[in-house]
Amino acid sequence: MPSSPHDPYVRVRGAREHNLRGVDVDIPRDVLVAFTGVSGSGKSSLAFGTIYAEAQRRYFESVAPYARRLIHQVGAPRVGEISGLPPAVSLEQRRSVPTSRSSVGTVTTLSNSLRMLFSRAGDYPPGAGRLDSDAFSPNTAAGACPECHGLGRVHRTSEALLVPEPELSIREGAIAAWPGAWQGKNLRDVLDALGHDVDRPWRELPQEDRDWILFTDEQPVVTVHPVRDAGRIQRPYQGTYMSARRYVMKTFAESKSQTLRTRAEQFLESAACAVCGGSRLRPEALAVTFAGHTVAELAALPLTALARLLRAADGDETARVLTCDLLARIEVVTELGLGYLSLDRATPTLSAGELQRLRLATQLRSGLFGVVYVLDEPSAGLHPADTEALLTVLDRLKAAGNSVFVVEHHLDVVRHADWLVDVGPQAGEHGGQVLHSGPVDGLAQVSGSATGRFLFGREPAPVRQVRAPRAWLKAGPVTRHNLRGVTSEFPLGAFTAVTGVSGSGKSTLVGEITEELDGVDRLVRVDQKPIGRTPRSNLATYTGLFDVVRKVFAATDTAKERGYGAGRFSFNVAGGRCETCQGEGSVSVELLFLPSTYTPCPDCAGARYNPETLEVTYHGRTIAEVLDLTVEAAAEFFAGTPSVARSLRTLLDVGLGYLRLGQPATELSGGEAQRIKLAGELQRVRRGHTVYLLDEPTTGLHPADTEVLMRQLQDLVDEGHSVVVVEHDMAVVAAADWVIDLGPGGGDLGGNIVAAGPPAEVARAADSRTAPYLARALA
Ligand code: ADP
Ligand code: ADP
Ligand code: ZN
Ligand code: ZN
């Protein structure tokens, strides 16, 4: 195969990662490439598991030859050869684990620029020397408020907290915060030896003494002559005093015992730091202003407001250069629909989609070229009105001389791509082939592509009878985040879609639906959070299917002869499992600079069980082999076992037939986790009226998967239950009975109900940004 440096293609040969079936594919560089296919078809295995992983492996080999052995252990991607591969940057959603100190400002590095502006162009009080830009960061020693160490909040205590019953004497236990048993008695005796009256009611002691006893930082040492205690005579000893505050703070900060820490916390209250007012910065830094505001005030503004203020500010040449740079960078973030965020917003409170788009905005300014960006559904969480801007940003990355590979489902993004790699035809072992690699139009000629069915020749949506609500669920008035006293009504026995641009307040509003509301017997949130974080939880354990399967094995003749109960077939307890990996099937490998990864167990090679357990078979298969079956194969295998067949049926119904029963939770995507939870719900016997809440259930789903999911949800409504979804996919919104549209914008520009009604009515609403897109989907 050609591999001259001028060959404009990335050429992949013999890719066999996961379900890929020896894929050969040529993908042009320096263009926008969309990878499509139904969930589980193998798109990520190709884009991330093969192309990105190989680029990473080469990178690490070049920078750290010593890491070669470790990388080898974890496994290079299973691929024959890849040529023409540039260095890769991945912005994958599943893997982002932000730390609590990181914020919008740190992720985008906009905070650095803002600090530079304050350092170089801020207004300083007369006589003050210029500060370094570090001095404006709460995360550095130079900038952090000395009182709260840059956290903005302090834990403090008070006499009222430490001594809840001041009528007691010290001997009677007035100081509730003191430790119990000997230690407490020791402190009392020390105080006695120091000359304090431990028998008078606390409130009668002089205030000065009370303050010293509770708050002193001194730790005097005295000789204690213990009094007779329960008939025992003790010898004099040297006792050290520690004030109640010191004891509580030390325990709270340093104790290894969770119980002690929790106990200490009862005597503390958390409050905004009085020194920095919660701004986390030193007073010197807060004395500097720009356009009349402190750096903390600017960091708390929504980016759109910050941009407005910077644009209006005047200053010297330095200030102008710095504000221009800031403005250009803020603009990219607002363009991506995130103008409602403030720089000080902590990243753990952001959704995965918001975080990925922030990183994307940052990349645009990085000046990198000649790299391949691999993105995981960049349109996730994006309102159709903002998709246009996303495409512009992707185009700019490309124009800067990069290749942009996106795994995408959003048809507008797919249509915009220069090149399409469609993987399929179905999921798991029924997928793993490239059906089309070429310009988007070419897919029209390919039969058997689920993507083709949606891209070309869609029939108009069938005319649907909108359901009449049985009753109404009233939520609110809500005053939280950007919602100010909003009251909403959700129809019961109907399908409701909540819409609006990112940051308009959809999640906040839906968060108000609780089990306490009249008309809700049961509330089920079906979210995309992982079903478990270690390989120990898997599809079979999560759904309860595995309990039944283990009983089936315990009932075999061999198991009965040997006295193996159901527990023997569990990999979570000692007995039947492989002890080397303690039933995990894999052992974790810690790599420098990389997140820890799992590699197959050297003893059981991933089987999870010891050899004796594996001697027991049911219809010719061991328990390990059963765990290795796909849901689809298992449904056939267990066709005669009704107790197992039932849960397998529901998993098939939600389109998860391709997953293996023992597939570890760590390998599942958010969408897969969500559908497993839904399947769990579907197989329950449902009594009473249930409200199902789903936040963007179509994230990660191909339109064909969305159809399957919608059928399930509509069935639930037909049975009399209620479904509420937060959604951007207009095909889903068009199929709802009721739409609540929030907005009109994000953040401070949102938070109102712009329109509410059946889809056809909301599609005509004047001020709604959703209306035109909904109208198009209804046509
Ligand atoms: P897509 O991105 O199209 O949804 P994936 O590439 O994630 O599909 O998955 C393709 C197949 O590989 C599926 O059958 C999936 O269950 C399987 N798979 C995904 N990740 C892993 C993994 N880490 N180990 C083993 N199998 C996996
Ligand atoms: P949507 O679901 O429509 O994207 P959200 O309800 O998540 O909108 O957000 C509405 C507003 O509330 C936005 O301005 C957002 O920045 C703010 N917000 C959301 N979650 C938090 C949070 N945990 N802390 C502070 N502000 C938040
Ligand atoms: Zn402080
Ligand atoms: Zn093992």
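Residues are numbered from 1 along each chain as its sequence is written, while chains are lettered from A and ligands numbered from 1 in the order in which they are written. As the model is predicted, local features need pLDDT of at least 70 and side-chain atom pairs count only at pLDDT 80 or more, whereas totals for chains, interfaces and linings use all residues.

The C-alpha trace of the protein spans about 95 × 85 × 65 Å along its principal axes. The protein has 29 helices and 23 strands, assigned as DSSP runs (helices H or I, at least four residues; strands E, at least two) and numbered from the N terminus. Of the 779 residues, 43% are buried; a residue is buried if 20 or more other C-beta atoms, placed from the backbone, lie within 10 Å of its own, exposed if 12 or fewer, and partly exposed in between. Contacts are pairs of residues whose C-beta atoms, placed from the backbone, lie within 7 Å. Among contacts with a separation of 6 or more, 69% are made by residues 24 or more positions apart.

Ligand 1 is surrounded by 16 residues, of which H18, K43, S44, S45 and G428 are the closest; a residue is near the ligand if its C-beta atom, placed from the backbone, lies within 6 Å of it. Domain 1 and domain 5 each contribute at least three residues to this shell. By class, the shell comprises 3 nonpolar, 11 polar and 2 charged residues, where Ala, Val, Leu, Ile, Met, Phe, Trp, Tyr, Cys and Pro count as nonpolar, Asp, Glu, Lys and Arg as charged, and the others, Gly among them, as polar.

In helix α29 (residues 771-778), the buried residues are A771, Y773 and L774. Viewed down the axis of α29, these residues fall within an arc of 165°, so they line one face of the helix; the arc is that of the directions from the helix axis to the C-beta atoms. The packing partners of the buried residues of α29 are α15 (384-399), α27 (730-734) and α28 (759-762).

Most residues other than glycine have a negative phi, and most peptide bonds are trans. A cis peptide bond, with omega about 5°, joins G424 and P425, and P425 lies in the loop between β12 (419-424) and β13 (433-438). Another cis peptide bond joins G743 and P744, again with omega about 5°; P744 belongs to the loop between β22 (738-743) and β23 (752-757). Positive phi values occur at D30, about 65°, and at H481, near 50°. D30 is placed in the loop between β2 (23-28) and β3 (32-36) and is partly exposed, with 17 other C-beta atoms within 10 Å. H481 lies in the loop between β14 (471-480) and β15 (483-492) and, with 16 C-beta neighbours inside 10 Å, also counts as partly exposed.

The model scores ipTM 0.93 and pTM 0.79. Mean pLDDT, the predictor's confidence in each residue from 0 to 100, is 88 for the protein, and 93% of the residues reach 70 or more. Over residues 94-98 pLDDT stays under 50, and the model has 6 contacts beyond four places in sequence for this segment. Where pLDDT is low, the predicted coordinates should not be read in detail.

Definitions and conventions: Domains from an automatic or database assignment. Contact = placed C-beta atoms within 7 Å.
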